[in-house]
Amino acid sequence: MLADAPAATHHAAAMQRRVDPYADNGGTAVAIAGEDYAIIAADTRQSEGYNINSRNAPKAFQLNESTVVSCCGFYADATALTTYLKQRIVQYEFDHDKPMSTPALAQLLSITLYGKRFFPYYVHNILAGLDEEGRGCIFNYDPVGSFEKYRWQAAGSGVSLIQPFLDNQVGFKNMPLEKNPPFLPLAKALQLVKDAFTSATERDIYTGDCVEIFIITKDGVRKESYDLKKD
């Protein structure tokens with residue numbers, strides 16, 4: 001009598017279903033603070049991988065008459081964060097009957113990011129504006145709210161290309177000391193921002209199409225656009 005054949009066993013392949021709540025939509029931001037001005041700029045390309053989702057997705061947002069914030073990374077989180085900040089600014093103005101200053105807004109952004117530290121906004125933020133003395137100021141953040149004041153800063157996918165350029169041309173690193181002015185003239189800083197983005201688009205596929213430049217002075221905020229590579 002033949003032995004009973006072993007029962008056939010079927011092993012289903014292991015399957016894993018994973019939901020990622022985040023995406024990196026690229027983009028680059030640059031900010032420079034001067035003696036009586038601040039410049040902050042960001043490109044408008046929104047991409048994911050090798051796909052361009054939009055060529056007109058701003059990453060710099062004006063919050064009030066003296067402050068602009070840039071948000072690079074997950075575009076949905078950027079819009080959610082800036083919408084919340086604008087609501088808080090309106091509430092502050094109703095409660096205190098005065099506009100919120102840039103340093104106060106810097107602290108508000110820090111508290112907001114820290115409050116979401118267990119499910120953080122996936123964005124890299126730079127806040128730019130004028131302080132109480134009318135000097136330009138820039139605040140750079142990590143995703144959970146730690147921040148520091150700078151005179152120049154870059155963020156986003158092109159930061160490794162632009163930050164060394166700013167260190168040399170704005171901070172005068174490794175330059176003769178006798179030729180270094182304490183602050184750059186506005187026209188010079190504006191040209192450096194355009195040059196930085198022009199060079200970054202040659203190497204970074206996540207930066208391009210157009211850069212929006214916000215110039216903040218005692219007279220308010222002025223916006224300029226500068227075309228970049230489209231490919």
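Which residues of the largest nonpolar core touch the most other members?

Author: The model is predicted. The largest nonpolar core has 23 residues, and those that touch the most other members are Ile32, Ile39, Leu166, Val193 and Ile213. Several elements build this core: strand 1 (28-33), strand 2 (38-43), strand 10 (152-156), helix 3 (159-169), helix 4 and strand 11 each supply at least two residues. Helix 4 gives the most, with seven residues.

Ile213 shows what surrounds one of these core members. Leaving aside neighbours within four places in sequence, Ile213 is in contact with Ile39, Ile40 and Ala41, with Leu190, Val193 and Lys194, and with Arg222, Lys223, Glu224 and Tyr226. Ile39 and Val193, like Ile213, are among the core residues that touch the most other members.

Thr207 counts as buried because its relative accessibility is 1%, and the cut-off for buried is under 20%. The side chain of Thr207 makes two polar contacts that can be named here: one with the side chain of Asp204, at 2.5 Å, and one with the side chain of Ser157, at 3.4 Å. Beyond its neighbours within four places in sequence, Thr207 is in contact with Gly27, Thr28, Asp43, Arg45, Ser157, Gly158, Phe197 and Thr201.

The structure holds one cavity of 30 Å³ or more, and the volume of the largest cavity is about 30 Å³. Its lining consists of Asn25, Gly26, Gln46, Lys59, Cys71, Cys72, Gly73, Phe74, Tyr75 and Ala78. Strand 6 (67-73) and helix 1 (75-96) are the elements that give two or more residues to this lining, and strand 6 gives the most, with three. By type, the lining residues of the largest cavity divide into five nonpolar, four polar and one charged.

Technical notes. Residues numbered from 1 in each chain as written. Predicted model: local features only at pLDDT ≥ 70, side-chain atom pairs only at ≥ 80, totals over all residues. Heavy atoms only, no water. Buried < 20%, exposed > 50% of the residue type's maximum accessible area, 1.4 Å probe, protein only. Polar contact = N/O pair within 3.5 Å; in protein donor to acceptor, adjacent residues only side chain to side chain. Contact = heavy atoms within 4.5 Å. 1 Å grid on protein atoms, 1.4 Å probe; cavity = no way out; pocket = protein on both sides within 12 Å on 5 of 7 lines; lining within 4 Å. Points joined across faces, edges and corners; volume = space filled by probe spheres on them. Helix = DSSP H or I, 4+ residues; strand = E, 2+ residues; numbered from the N terminus. Nonpolar A, V, L, I, M, F, W, Y, C, P; charged D, E, K, R; others polar. Core = buried A, V, L, I, M, F, W, Y, C linked by side-chain atoms within 4.5 Å.
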